[in-house]
Amino acid sequence: MSNVAQADIYTAPEDFVAKAHIDAAGYASMYEASVADPAAYWAEQAQRVDWIKPFTKVKDASFELGNVSIKWFEDGTLNVAANCVDRHLEIRGDQTAIIWEPDSPDTPAKHITYRVLHENVCRMANVLKAQGVTKGDRVVLYLPMIPEAAYAMLACARLGAIHSIVFAGFSPDALADRINGCGAKVVITSDEAPRGGRKTALKSNTDQALNHCDDHVKCLVVKHTGGQTTWVAGRDIDLNAEMANAGTDCPAVEVGAEDPLFILYTSGSTGKPKGVVHTSGGYLVYAAMTHLYTFDYHDGDVFWCTADVGWVTGHSYIIYGPLANGATTVMFEGVPTYPDAGRFWEVCAKHKVNQFYTAPTAIRALMGKGAEWVEKHDLSSLRLLGSVGEPINPEAWNWYNEHVGKGRCPIVDTFWQTETGGHLITPLPGAIPQKPGSATKPFFGVTPVILDPNTAEVQSETKAEGVLCIKDSWPGQMRTLWGDHERFEEAYFTQYPGYYFTGDGCRRDDDGYYWITGRVDDVINVSGHRMGTAEVESALVAHARVAEAAVVGYPHDIKGQGIYAYVTLMNDTQPSEELRKELVKWVRSEIGPIASPDLIQWAPGLPKTRSGKIMRRILRKIAENDYAALGDTSTLADPSVVDDLIENRMNRA
Ligand code: WT7
């Protein structure tokens, strides 16, 4: 049976639908119930989690400006780690919880059973406890994709401590900001992070970061590659040695449903990154449920999400969702192209992966290397494919469907955000036919609305286009920004009062399918990673030779969007290739490699209105090489700067 195509509508094969948790009729009735009476619906769904003290209140949420408050299951108590580990011991203690696949295929994979996971989580929790970490304390994780990252997340959850993971690709400065931003007591890192055969010196980066942090911050170090050199006595602690000596039992601390589980920094359209806060009860219910239904996960399946735990995708779909469901989850340290472009498929074959979840940027990169890398491997275990992070272009969708899924695996294009905790709009594979490029329909309990961007009017016709908002809360929704509730309201609830504003543009077709058209704010999406143009700009202007900078996105074949920077140099500075390279290096060291500008154009002046506002619309058009239709430039203070920018544009594709 194959994924049946009809006028670009693909329906899952019959035998898939027959076994699926949710079919078309089930989706319709369950969706209806979820929005008609959310309290009754979610009270029932929340039973998939073990509560210590059952909740009596289900939902208390207001999107009203000045009074935004979101609470789910608020008087219930639970422990997230106990839900992800302990409760499985009795029936699946010897089942593999985590398959760890190392960077190098020559290093053996590790199969960590639920029992061993429990032991290691307890050991690590006891080490943290010995360092004085208790409920509500913050712990920063700056780690490679190694089992210790999972242990550390769950050890925090076990103690009721709040983890904040910093992606290992971020710079020491970015790490220091995040340690200070949440007032962390402890940082957990490792000597080095191997990726694609290269190593990032995480401990050295942490040393640099800690120079800018409180002296009391302790540093727990995992010995991973053995490449460690520096050691600060009294501050640095050998985590392997401590774990070896620690007890294998550690009571799980009872926390309130609304106690924070983690903070995760993400880029916004202005200012510094925002510390998104997720709490314990609602997040876990939502992560578990979306993992089960979106991926049609069944007991015994091997699930692989290729993300890094430094991003929300890794939180929800490598750790919390799969483990809450008692799944076997794959944790991959490496990259898709090392040692060759067949690595993903080699790993799928080796571990008999059933559901495979990755980003369009990876698919495009592998597509470019040719289908022969896929054909070499036995992918018969695959039953479902997923996509996340940015809109998937139909060419990539078709290649994924044809070469990886062999036309028999439904593809779930999952739209969601760091802020949403789990999938918001996605096909449920047994229920909703797929259209390449569309995230299709809302998940249970999610109420999308499309508003006119100018009038904020709700577009009630089925066929509509505008900005995407959500009308009512769902349990996985973020609750606040760490230490800044005002900014939370400002960023998400002010522009379209009464609604949660996603920041995305969206189209709804005649069938009621949603098509995400991309960010409508100053956030760009580089290889599925979010980057605020303002962040890159402030890094650039922090360089002594830079007077002014404006950053926009432009279409990039592999990355989706690339980073295009217009830079005005100080009067006494001459542009040069060396300086261009130096600025790229500078941004990498200020933020991290993911923020490296792809193109830097020297701009003698930037197009500004008479009141001094940079007209980004024009800069975007020039960066897109679409300068013929710049629109109205009559309000510019000096229209001639535009001619110079066009003449010297960097993207001529
Ligand atoms: C932004 C969120 C949570 C997933 C990883 C990224 C874009 C995400 C899709 C999709 C079209 C998508 C949106 C969104 N996005 N998934 N399936 N189709 N766009 O999380 O870093 O918080 O970024 O990624 O623009 O707002 P994030």
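Okay, a quick definition to begin: Ala, Val, Leu, Ile, Met, Phe, Trp, Tyr, Cys and Pro count as nonpolar, Asp, Glu, Lys and Arg as charged, and the others, Gly among them, as polar. What we have here is a predicted model, where local features need pLDDT of at least 70, side-chain atom pairs count only at pLDDT 80 or more, and totals for chains, interfaces and linings use all residues. Residues are numbered from 1 along each chain as its sequence is written.

Let's go to the ligand. It has 21 residues around it, and the closest are Phe415, Gln417, Thr418, Ile516 and Arg530. Being near a molecule here takes a C-beta atom, placed from the backbone, within 6 Å of it. Sorted by class, this shell has seven nonpolar, nine polar and five charged residues. Two or more residues each come from α12 (312–324), β22 (411–414), β26 (500–508) and β27 (514–519). Those labels are DSSP runs numbered from the N terminus: helices are H or I with at least four residues, strands are E with at least two. So which element gives the largest share of the shell? That's β26, with three residues.

After α12 comes glycine 326, with a positive phi near 70 degrees.

Now for a pair of helices. α14 (residues 360–367) packs on α16 (residues 394–404) at an angle of about 75 degrees, and their axes are 10 Å apart. That makes α14 roughly perpendicular to α16, a label for angles of 65 to 115 degrees, with under 35 roughly parallel, over 145 roughly antiparallel and the rest oblique. The axes are lines fitted to C-alpha atoms, over the stretch in contact for helices, and angles run from 0 to 180 degrees between N-to-C directions. Who meets whom? From α14 we have Pro360, Ile363, Arg364 and Met367, and from α16 Ala396, Trp399 and Tyr400. Contact means C-beta atoms, placed from the backbone, within 7 Å.

Also in α16 is valine 404. This valine counts as buried because there are 24 C-beta neighbours inside 10 Å. Beyond its neighbours within four places in sequence, valine 404 contacts Val374, Leu379 and Leu385.

Definitions and conventions. Two residues are in contact if their C-beta atoms, placed from the backbone, lie within 7 Å. A residue is buried if 20 or more other C-beta atoms lie within 10 Å of its own, exposed if 12 or fewer, and partly exposed in between; C-beta atoms are placed from the backbone.
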